[in-house]
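Good morning, and thank you for coming. I would ask you to look at the model on the screen while I go through the two chains and the place where they meet.

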Amino acid sequence: MKKYASRIYLCLIFAILYIPLVTVILFSFNATESTAEFSGFSLYWYSELFKSEEAWIALRNTLILAVSASLIATVIGTAAAEGIYKMRSKICKTAITSVTNIPMMNPDIVTGMSMMLFFAAVMSIFKIADYNKIGFVAMLISHTTFCLPYVILSVLPRINELGNSLSDAALDLGCTPLQAFFKVKLPNIMPGVVSGMVMAFTMSLDDFVISYFVGPTNFQTLPLLIYSMTKKTVKPDMYALSTIIIISVFVLLIISNMKSTKRLSANQKKKGAKTK
Amino acid sequence: MAKLIELKGITKSYDGEVILNSINLYIRDGEFITLLGPSGCGKTTTLRIIGGFETADEGELYFDGTEISDVPPHKRQVNTVFQKYALFPHLNVYENIAFPLRMKKISEEDIKKRVTEMLKMVALVGFENKSVSTLSGGQQQRVAIARALVSHPKVLLLDEPLGALDLKLRKDMQNELKTIQKAIGITFIYVTHDQEEALSMSDTIVVMADGEIQQIGTPTDIYNEPKNAFVADFIGESNIVDGIMLEDKKVRMSGHTFDCLDGGYDKNEPVDVVVRPEDVDVVKPENGMLTGIVSSVTFKGVHYEIIVDIKGFKWMIQSTDYVAPDEKIGLFIEPDAIHVMKKSKYSGKFGDYSSFSDELDTLSDADTAEEF
């Protein structure tokens with residue numbers, strides 16, 4: 001009885017979680033505009049979507065922003081993690097780690113608003129009249145900022161785990177400190193760096209709140225576009241767009257999970273061999 | 001043999017705790033020198049200062065006559081074999097060994113020649129393309145040695161390199177290391193807490209305790225002529241008894257006056273007397289210089305380990321003849337088996353077997369293995 005109850009409970013949870021998504025996917029293939037009845041399978045809304053130039057530009061913008069923000073955040077974040085690891089004073093270490101986590105803990109709406117105020121101040125100081133001129137840079141800075149903690153969070157444990165012995169060995173064998181980092185440390189913390197980058201990429205991809213505050217009119221991202229369209233009547237071409245996003249996020253998740261399970265089993269194998 | 005490395009007044013402390021207290025030491029070219037001591041005695045720190053991973057608070061470090069305290073590790077002509085090998089997991093065996101040569105931008109042809117040479121020396125030919133994580137502990141150890149030697153350093157530093165290996169493999173590697181050292185003729189500075197390892201491999205042993213050097217000497221010197229109670233106790237088993245030097249070559253302990261070979265002490269000076277367990281002969285009570293009651297006997301394979309109570313002080317004796325517990329026996333000690341030492345701060349702390357137990361011994365060994 002208990003077993004059935006827990007199964008039913010599990011199904012219920014999944015149903016609540018996924019029925020809305022399934023509905024969106026289903027109706028994206030609807031032949032008519034109706035959101036109430038399914039009148040036949042068709043790819044009409046997808047073709048409509050791909051005809052819309054606006055959607056294409058928004059997609060391109062989103063990708064450009066997500067790729068560049070996650071790359072910059074990865075470089076800065078990895079360097080920061082290494083710096084935090086090398087800090088001697090424990091108090092400094094804890095303080096800096098907490099400070100870097102603020103953008104993650106802070107409600108997005110607060111981060112967004114403070115970013116907007118900051119860029120407004122920058123405009124008045126440098127006498128820039130047109131926000132669109134610095135719009136992209138502002139977006140890039142904002143996205144990099146809120147992506148940064150995720151990179152540090154994923155790289156720092158790796159560096160801690162690796163310890164000093166490998167870099168000591170590299171120095172001993174003739175590497176300058178910089179060479180030791182790139183030739184020995186980086187390859188060994190790579191999994192952490194990559195997963196940090198993937199996380200940063202997805203965070204930037206689906207950010208709406210901060211982009212809403214900071215985004216200029218000439219640089220619209222997909223979440224902003226969808227939001228602006230919902231103000232009018234929602235047409236199923238938005239369902240089609242949502243379906244594409246859901247599926248790509250799903251694929252990305254599967255890939256990164258597969259990688260981490262592989263790594264996990266490889267580690268377990270290694271440990272098993274050692275105990276033998 | 002010229003002085004290759006010299007430490008002058010090296011002092012180091014962490015968070016106000018003194019780790020090294022004014023270490024003075026020189027190391028000759030081509031010798032196998034061992035820094036020996038218990039956990040926390042500062043031996044690893046000394047090695048790391050020579051390697052360049054730590055900087056001394058005070059003192060000077062000379063290499064071949066030049067002060068090198070400020071020279072970074074990658075510019076020093078010393079290489080290290082680390083405690084846990086520190087092989088690069090992202091490179092295979094060949095690339096691990098080739099690593100220092102690549103840093104020096106040596107031609108691919110020469111790299112191949114030298115790596116192959118090294119692989120031959122450590123008997124790992126055929127392992128070139130294996131991942132280092134698939135190797136056994138002994139094989140990883142060999143890769144670490146090959147990698148440290150391939151760039152022809154003048155000095156090899158070894159930080160408890162055999163600590164992670166099992167006993168049999170450790171013995172084999174001891175011989176192998178000694179052979180390698182003789183073959184290439186460079187200086188080896190070896191850090192260990194294992195006295196047997198130190199005795200069997202070294203040309204010179206430096207015994208350290210509490211951040212200070214206790215004694216420097218050849219293995220036989222250290223064993224036969226320990227300077228104080230700490231050294232006598234740390235190197236092998238010893239009975240350390242309070243004694244009084246009546247005059248040259250006469251020492252009184254446990255109520256009996258013994259002939260000995262030592263001299264040069266004040267009249268009636270209190271001293272520590274060391275007698276090694278294997279140097280005591282068990283005789284009939286009436287023939288003994290000392291008599292005592294056997295309190296325990298343990299069979300050790302080659303000999304019996306006998307604990308004897310002599311006037312409340314427990315002696316350890318190693319004998320091939322069995323005696324029964326609670327039996328009264330006599331002890332006979334030859335003059336050359338007695339070694340007299342000046343009193344030191346370690347007097348009275350070591351050399352009594354009243355709380356002796358094998359288990360305790362192995363426990364403290366495990367502790368020292370943890371040292372970083």
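Let me begin with a term: two residues are in contact if their C-beta atoms, placed from the backbone, lie within 7 Å. Helices (H or I, at least four residues) and strands (E, at least two) are DSSP runs, numbered from the N terminus. The model is predicted, so that local features need pLDDT of at least 70 and side-chain atom pairs count only at pLDDT 80 or more, while totals for chains, interfaces and linings use all residues. Residues are numbered from 1 along each chain as its sequence is written, and chains are lettered from A and ligands numbered from 1 in the order in which they are written.

I turn to chain A. It has eleven helices and zero strands. The radius of gyration of chain A, taken over C-alpha atoms, is 23 Å, well over the 19 Å that the globule rule gives for 276 residues, so chain A is more spread out than a compact globule. That rule is 2.2 Å times the number of residues to the power 0.38. Along its principal axes, the C-alpha trace of chain A spans about 70 × 70 × 35 Å. Of the 276 residues of chain A, 30% count as buried; a residue is buried if 20 or more other C-beta atoms lie within 10 Å of its own, exposed if 12 or fewer, and partly exposed in between.

Which residues of helix 4 of chain A meet helix 6 of chain A? They are A:Thr100, A:Asn101, A:Pro103 and A:Met104, and their partners in helix 6 include A:Phe146, A:Leu148 and A:Tyr150. Helix 4 (residues 90–105) and helix 6 (residues 131–162) of chain A pack at an angle of about 120 degrees, with their axes 8 Å apart. Axes are lines fitted to C-alpha atoms, for helices over the stretch in contact, and angles run from 0 to 180 degrees between N-to-C directions.

Next, the interface. In total, 19 residues of chain B are in contact with 14 residues of chain A. Strand 6 (78–81) and helix 2 (93–103) of chain B are the elements that give two or more residues to the side of chain B that touches chain A. Helix 2 of chain B gives the most, with three residues. By class, that side of chain B has nine nonpolar, seven polar and three charged residues.

Helix 2 of chain B also packs on helix 3 (residues 108–121) of chain B, at an angle of about 130 degrees and with the axes 10 Å apart. Among the residues making this contact are B:Tyr94 and B:Leu101 of helix 2 and B:Ile111 and B:Met118 of helix 3 of chain B. The buried residues of helix 2 of chain B include B:Asn96, B:Ile97 and B:Phe99. What covers the buried residues of helix 2 includes helix 3 and helix 4 (137–149) of chain B. Just after helix 2 of chain B, B:Lys105 takes a positive phi of about 55 degrees.

Finally, is B:Ala2 buried or exposed? B:Ala2 is exposed, with 9 other C-beta atoms within 10 Å. B:Ala2 lies in the segment before strand 1 (3–14) of chain B. Not counting residues up to four places away in sequence, B:Ala2 touches B:Arg28 and B:Asp29.

Note on methods. Nonpolar A, V, L, I, M, F, W, Y, C, P; charged D, E, K, R; others polar.
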